[in-house]
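Please work through the exercises below with the sequence and the model open beside you. Try each task yourself before you read its solution.

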Amino acid sequence: MEPGAPLDEMVDGAGGFRPHWRPLLGALADLGREALAERAQLIERFLADEGVLSLLAPQEGSLVAAWRCDPMPLILPPAEFDALEAGLAQRAALLEAVLQDVYGPQRLLAEGALPPALIHANPAFLRPCRAPDGGRPGPLLHLYAADLIRAPEGDWRVVADRTASPTGLAHVLENRRALSRHMPEFVRSQELRQPGPFFDIWQDALRALAPGGNPGIALLATGHASPFWSEQVILSRELSCALVEGGDLSVRDGVLYLKTLRGLQRVDVLLRRQDGRTIDPLELDSSMAHGVAGLLDAARGGAVKIVNDPGAGCVEAPGLAAFLPRLAPRLIGEELRLAGARTLWLGEAAAWAEAERNLDSWLVRSAVDGTVRSIRPAALGAGARAALLARLAAAPQDHVLSEVLAPSVAPCVGPEGLAPRPVMLRLFLVFDGRGWRALQGGLGRVLDETRPGPAVAKDVWVPAEEGTAIQGPRGGAFVPLPIRRTSGELPSRVADNFFWLGRYLERLESAARLLRAGAGRLGRATPTPRELAELRSLSACLVRAELLDAETAQGGAHGLGTRALTHALLRAMREGGPVPGLLARVSHLAELLRDRLTGEMQHALHRGLRQLGAQLIPVPGGVEAREEALGLERLTEASNAILSFAATVAGLAAENMVRGGGRLFLDLGRRVERAQAIAAEIARALDQPGAAAQPARLEPGLRLALELRDSVITYRSRYLTALQAGPVLDLVLADEGNPRGLAFQLAAARDMLADLDGDSSSPLGLAAGQLLEEARAMVRDVAAAAVQAEAALQLPPRLRAMEGAVAALSNRIARQYFTLLPAAHSLGPTAPGGRLRGAA
């Protein structure tokens, strides 16, 4: 191998294959090139359908949404991995010691062992987190990750420390899951150490951070708009902790609580994935609305343990790497076992002399901000290089020089087959209370900027040796949990999202029924007078559902089979139309609730939404009647697909979700939305022009009412006769056994609201009961009338009032269960000793 050339992970110095790669190469030879390319596509599809990318809309600048897994893993021999684990455990202990000093007595700064410019100018150094009197109760660093590159000499070098909130753990799990499913030949080729036990160790370590046998643990997420949302969902599931956002939490009397429908639940350990600079608007960045007022005060008082500590990110500063070799003997009594990339801080005279003498051999980086892109002076033109030198001379303390390393290469699957690509390795460790323990594997990242496309990750394998002990959490005693079967242990934000998911699912289903009914009538060459009357009522329902504009509906009143009305219905199903808009709302809410949905529910929603998205765009309506007919046919097919999707989701919710909590609010949202739609549709179906003079004209409206409520067969089986107002309205308004009828929705809402309050006389439950009685009264009035058709014609105003009353009930539900009061901020000392206490 030529000096300075990148090392090949698969091939040794003599040109032979390294022993730990040979079992995989045998499986690769049996598989073949074409099959390997096909498996790569299957993995990409799997991750899009079920993995990290599922339910995530692509976001500009998001690495997560533009990520794929390479079928070829990166394999590390066990002895080499164990040495890396020991070296990183030592490095993590050193960084913990540095954190304890800079947030405590700051002796390193006072004695000149660490330049103040690397700390006080560091945006990640949070002064409110400092406790100068006695230091901070540890550990401040709980989860640690490091990025490593193998140098041409063969040794691994640390190029970045990740101490704020290391990411990539979900990718590790999803990579292994993808390869286990779609590359079983590879996985079976050798026994591997598994990443799963690491999460058991982590969960046990989190529990041990708080007093008591069963502490409340929550993961503070960055929100669904973040590209890391999917990873946070997966982590919360693996660690069996609540996934919360800042608005879900409140500090009362120095204690952190999760706000639920039943009241406040204490949180003892907060796993922070949000930027530490934004978590408390009282003491840190007040411009961010998603923080928790008073959180730092609660942490200082010992009521909650935040991991990693909000200020832990300050030791990620690239300039600190220049001082770690000097600090290690002083702080931990040892020399560093694992070297980092050689780094020079330009605030030192010797480093500046090196920059002036040989700048082109280095990378120039920010001394305190590792997110700033590095600069390669050798690649700059004369003018840009002179400007860079001027910036360095003006503020040398703000920059460092880092060694240029040629990373090793590993085989990756590409269009031409296997090709060597440069790789970087990320390893993860957690502090279990006694020492640092590594995840048995890691995340590989392909560093090939010359090839456009999504970022490529690699699963990292560590072969298991015979007799290797299985990692797991250390045993501990736990206090038995009290049995809970309540439905209110749910954050208000989550309940709100479930409620509106139910409403939008029902709204989508109702839109499909209306469009299918319209397409069926418009598809006939010559509509009958009865069908024209039905179309008039149907047009009014379509306008109310915002599927049709009022102007088109009014113009169609004189010719409802016209091309304008047909094209209007087709537009409702095209891109940018109301139906794709409803699908987008359902998809958005499903993403928000991803951590609360069962695997089957999540899969059904995601797969169904993707299939509908591909099917819902009918062919553009042209001038030919044949094109219109084809469009109406596709409109009917798309409507049927939506109804099948809605039925699947409803069935899974009924069979897979526990009665209570999210299921209750999902169902409540559906019942409220359906009740409102029924009242509106029946009112418009009964509002037939000229029916007062000729009651027989009411029949089209009654027929439409049965069709929209999917009750035609039930009516025929019960009455075996012509349509009459009393029996029809009883079936769609007052029959509590008809799941498509108004009474069923109101009775279900009444019972659910009483269950939520734990009281059959709850105000909201009583309000729903009063609406149910009004529905029965309307039917009684029609049935008792001498001429039922005339009595039915008097119902539209009452039904419209019912529609408004159901909307008012929905608003009352939102005010009682979902509306969160804005955070309250203390304006002066309210606690003993004059300390400021935050509250929300």
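**Exercise 1.** In which sense do β2 and strand β15 (residues 417–431) pair, and over how many bridges?

*Solution.* Before starting, note that this is a predicted model, in which local features need pLDDT of at least 70 and side-chain atom pairs count only at pLDDT 80 or more, while totals for chains, interfaces and linings use all residues. Residues are numbered from 1 along each chain as its sequence is written, and side-chain values use heavy atoms, with hydrogens and water left out. Helices (H or I, at least four residues) and strands (E, at least two) are DSSP runs numbered from the N terminus, and two strands pair if DSSP finds at least two bridges between them.

Step one: β2 and β15 pair in the antiparallel sense, over six bridges, and within this pairing the partner of D147 in β15 is R426.

Step two: turn to strand β3 (residues 156–162), which is joined to β2 by six bridges and runs antiparallel to it; here R150 has W156 as its bridge partner.

Step three: look at the connection, where β2 and β3 form a hairpin with five residues between them, and where G154 in the turn has a positive phi of about 105 degrees.

**Exercise 2.** Decide why strand β2 (residues 143–150) can be called largely enclosed by the rest of the structure.

*Solution.* Step one: recall the cut-offs, by which buried means under 20% relative accessible area, exposed over 50%, and partly exposed in between (1.4 Å probe, protein chains only).

Step four: for a contrast, take A79, which lies in helix α3 (residues 78–102) and counts as exposed because its relative accessibility is 58%. The C-alpha atoms of A79 and P463 are separated by 9.9 Å, although these residues are 384 apart along the chain.

**Exercise 3.** Describe how helix α24 (residues 742–757) and helix α27 (residues 796–818) are arranged.

*Solution.* Step one: two packed helices are described by the angle between their axes and the distance between the axes. Here the axes come within 13 Å and cross at roughly 20 degrees; an axis is a line fitted to C-alpha atoms, for helices over the stretch in contact, and angles run from 0 to 180 degrees between N-to-C directions.

Step two: α24 and α27 are therefore roughly parallel to each other, the term used for angles under 35 degrees.

Step three: list the residues that meet, with contact meaning heavy atoms within 4.5 Å. From α24 these are L742, L746, L753, L756 and D757, and from α27 they are M802, V806, L809, I813, Q816 and Y817.

**Exercise 4.** In which order do the three strands β11, β12 and β13 form an open sheet?

*Solution.* Step one: the order is β11-β13-β12, and the pairing is antiparallel.

Step two: β11 (343–345) and β12 (362–366) stand at the edges with a single partner strand each, so one side of each is left without a neighbour in the sheet.

Step three: the twist averages 25 degrees from one strand to the next.

Step four: β12 is joined by five bridges to strand β13 (residues 399–403), and V364 has L401 in β13 as its bridge partner.

Step five: helix α11 (residues 349–358) packs on this sheet and touches β11, β12 and β13, with its direction making about 110 degrees with that of β11.

Technical notes. Parallel < 35°, antiparallel > 145°, perpendicular 65-115°, else oblique.
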